[in-house]
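My entries follow in the order in which I looked things up.

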Amino acid sequence: MQASGLTCGVACTTIFENVTVIATESLSKRFPRVTALDRLSMDIQPGVTGLVGANGAGKSTLIKILLGLSPASEGRASVLGLDVATSGGAIRERVGYMPEHDCLPPDVSATEFVVHMARMSGLPPAAARERTADTLRHVGLYEERYRPIGGYSTGMKQRVKLAQALVHDPQLVFLDEPTNGLDPVGRDEMLGLIRRIHTDFGISVLVTSHLLGELERTCDHVVVIDGGRLLRSSSTSDFTQTTATLAVEVTDSDDHPDGTGALRAALLAKGLQPAAAEEQGLPGAGHILLVEATGEETYDVIRDAVAELGVGLVRMEQRRHHIAEVFRSEPAAEPAGSPAATGAPQSTEYALQKEGAGDGR
């Protein structure tokens, strides 16, 4: 394995198809005043899997149990075929972990810290230094690798945490809220790195987030938990399946400074009912219009209207659902007495929409 500067030695990670990397069965974790996980059962296959839930949904608690750092109250769980209750050390040898909170020593360099973590993982000194250089190059910190971490930006610190999770060439990595505190550019760069961990190096990823848009762009599979319970586990393609709605985007022109508005008026005159989408179009183009396609003739009507106006057609394509829309349109059934049943907002659906439905896209 060799790409983007990260090389792989003898212990090269291999992609295993149709192998369960994480499995839980009726997994529960109870504290005196709260139940963090409540009979959670799920299977996670190789790839990039998103674990989504509002703050307090049980995501971090689940990761601690899977790493063998916290015992479950009941139920069973395995990681890479190893029982978390009896094989915590063996699991941590094979798994990388990027914690949510800032835990980096400010007075050492990224190289020193990542080499130390590599040595802690069992790599000999020469291999630890070589892997550290390759990993820091992969995460984009090679030029800054000798600077003290205390002078790093938030984005650079997140990359150091990612590097130490990858340096020992794990089969699986747990990334706990890896985009926390990042600006939109930094978030996009981190999402790209996460995707490449699997596509370039064959390492499976479990990434937690409360931002639905991030998981939509990055993950193959999404697991939704709320109050420690499983709400839904589906492939991203199932969440974002195509609709009968066309997304149409046009440019402006000298004759029509508002090309989108002109097209909307023209389509209304032709009997269609276009609506403005929430998302923005490409720079230099207008907003996106959504038009219900009743048949092939809808495409012809839109094409003719664009030609008559003399504006440029940026795109006309079948629109896909966004994950956030699935939650808005298909709320989970709730038992009597639950927040949703009593009129209170259901925590995951409400909090995810408010906190992150429009972020990270």
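I began with T24, which I found in strand β3 (residues 22-30); helices (H or I, at least four residues) and strands (E, at least two) are DSSP runs, numbered from the N terminus. The model is predicted, so local features need pLDDT of at least 70 and side-chain atom pairs count only at pLDDT 80 or more, while totals for chains, interfaces and linings use all residues. Residues are numbered from 1 along each chain as its sequence is written, and side-chain values use heavy atoms, with hydrogens and water left out.

**Entry 1: T24 and its surroundings.** I noted T24 as buried, with 6% relative accessibility; buried means under 20% relative accessible area, exposed over 50%, and partly exposed in between (1.4 Å probe, protein chains only). I then listed the residues that T24 touches, leaving aside those up to four places away in sequence: L40, S41, M42, L62, L66, R76 and A77. Contact here means heavy atoms within 4.5 Å. The T24 side chain also reaches the backbone oxygen of L40 at 3.0 Å.

**Entry 2: the sheet around β3.** I traced an open sheet of four strands in the order β4-β3-β6-β7, with antiparallel pairing. Two strands pair if DSSP finds at least two bridges between them. The edge strands are β4 and β7, each of which pairs on one side only. I recorded six bridges for the antiparallel pair β3 and β4, and these two strands form a hairpin with four residues between them. T24 stands opposite M42 in β4. On pairing β3 with β6, I found the antiparallel sense again, over five bridges, with E25 opposite R76 in β6. Helix α1 (residues 59-66) packs on this sheet and touches β3, β4 and β6; its direction makes about 115 degrees with that of β3. Axes are lines fitted to C-alpha atoms, for helices over the stretch in contact, and angles run from 0 to 180 degrees between N-to-C directions.

**Entry 3: positive phi values.** I looked up R39, a residue of strand β4 (residues 35-44), and read a positive phi near 50 degrees in this residue other than glycine. R39 is partly exposed, at a relative accessible area of 47%. L80, also not a glycine, has a positive phi of about 55 degrees. L80 lies in the loop between β6 (74-79) and β7 (82-83) and counts as partly exposed at 23% relative accessibility.

**Entry 4: the six-stranded sheet.** I followed an open sheet of mixed pairing in the order β8-β9-β10-β5-β11-β12. At its edges stand β8 (95-98) and β12 (229-235), each with a single partner strand, so one side of each is left without a neighbour in the sheet. The twist averages 15 degrees from one strand to the next. Strand β11 (residues 221-226) pairs with β12 in the antiparallel sense over six bridges, and I225 stands opposite L230 in β12. Helix α5 (residues 154-166) lies across β8 and β9 (172-176), running at about 165 degrees to β8.

Entry 5: The contact is made by A262, L263, A266 and L267 of α9 and by V301, I302, A305, V306 and L309 of α10.

Definitions and conventions. Polar contact = N/O pair within 3.5 Å; in protein donor to acceptor, adjacent residues only side chain to side chain.
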